[in-house]
Structure formats: C-alpha cells, structure tokens
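Trainee: Please take a close look at one helix pair in this model. I would like the geometry and the residues that meet.

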Amino acid sequence: MKLICDNCGAAVDVRSVACGECGADPSAEHLRLRAALPPYKSGTNGIAIASLVSSLVGLFFLPFVGTVAGVVLGHLARRRIANEPQDGDGFAIAGLIIGYLGIAVWMGFAFLFFWLSRVVPTVS
Ligand SMILES: [Zn+2]
C-alpha cells in the first residue's frame, strides 16, 4: 500500500518510517493506517520455500508428486502471505511457475511415450 507524502508528494510505502524522497515523518493518517495493518512477520515463509524446493525436486526427480506438491504449497504460501505479510512471496511464485512448468513437461513426456507406444511396432 502506498501513501502520498504530505511534504513532497512522493509515494511512500505505508510500512516505511519516513518519506524516502524528503525524509519527512509520516502523517497522522499514515501512522493510523500502519497501526491497522497486520503485524509483519520476520523471516521468510517456510511454506514458500517448501513450494520452490518441491517444484524443483518434482521437475528433475519426482514427476507429478513433487510438482503437484509444489503448486499446492505455492498457492497455500501466497494465501498465508496475503493474510500475514512476510517475505517469501517470490519463492512461492517461483514454486508455482516451476511446478506448473514441471507438470506440463511431464505430461508432455507421458503423451509422447503413449503416442510412441502406439506408432512404433513392438519388437517381439
Ligand atoms: Zn516526502
């Protein structure tokens, strides 16, 4: 959330303690809004990291199990971070992208093998 600095008109993040442009103290409205925000949890969201790790493991070693877990955890982490702001949203997004990519890649392989098994005559 961004506010407008009373002093210079620059956009100021509601969580910042002073204006980044002119250094002015936040307005009373700014302080009131910041007090109403949920507390910012320190550290990185563990579910977001788990999402990224699962997706990477799924992409290379564990088709479907890892990637699906990565996607589920990624959505869960993003919902948690939306409710309780915390670092790690980037990890969750990366986990989701890699997870969906992994599912697409493995589905592609599955279809390829299925197709090959039908067109290539079995040697027996
Ligand atoms: Zn300012």
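Mentor: The pair is described first, then the chain around it. The model is predicted: local features need pLDDT of at least 70, side-chain atom pairs count only at pLDDT 80 or more, and totals for chains, interfaces and linings use all residues. Numbering starts from 1 along each chain as its sequence is written.

The pair is helix H3 (residues 65–83) and helix H4 (residues 89–119), whose axes come within 8 Å and cross at roughly 155°. Axes here are lines fitted to C-alpha atoms, for helices over the stretch in contact, with angles from 0 to 180 degrees between N-to-C directions. H3 and H4 are therefore roughly antiparallel, a label for angles over 145 degrees. Their crossing is left-handed, that is, the near helix is turned anticlockwise from the far one by less than a right angle.

On the H3 side, the residues in contact (C-beta atoms, placed from the backbone, within 7 Å) include Thr 67, Gly 70, Gly 74, His 75 and Arg 78. Among those they meet in H4 are Asp 89, Gly 95, Gly 99, Tyr 100 and Trp 106. The residues of this contact divide into eleven nonpolar, seven polar and two charged.

As for the chain, its elements run β-β-α-α-α-α from the N terminus, with helices (H or I, at least four residues) and strands (E, at least two) taken as DSSP runs. The C-alpha trace spans about 85 × 25 × 15 Å along its principal axes. Of the 124 residues, 27% count as buried, meaning 20 or more other C-beta atoms, placed from the backbone, within 10 Å of a residue's own.

Key. Angles under 35 degrees count as roughly parallel, over 145 as roughly antiparallel, 65 to 115 as roughly perpendicular and the rest as oblique. Two residues are in contact if their C-beta atoms, placed from the backbone, lie within 7 Å. Ala, Val, Leu, Ile, Met, Phe, Trp, Tyr, Cys and Pro count as nonpolar, Asp, Glu, Lys and Arg as charged, and the others, Gly among them, as polar. A residue is buried if 20 or more other C-beta atoms lie within 10 Å of its own, exposed if 12 or fewer, and partly exposed in between; C-beta atoms are placed from the backbone.
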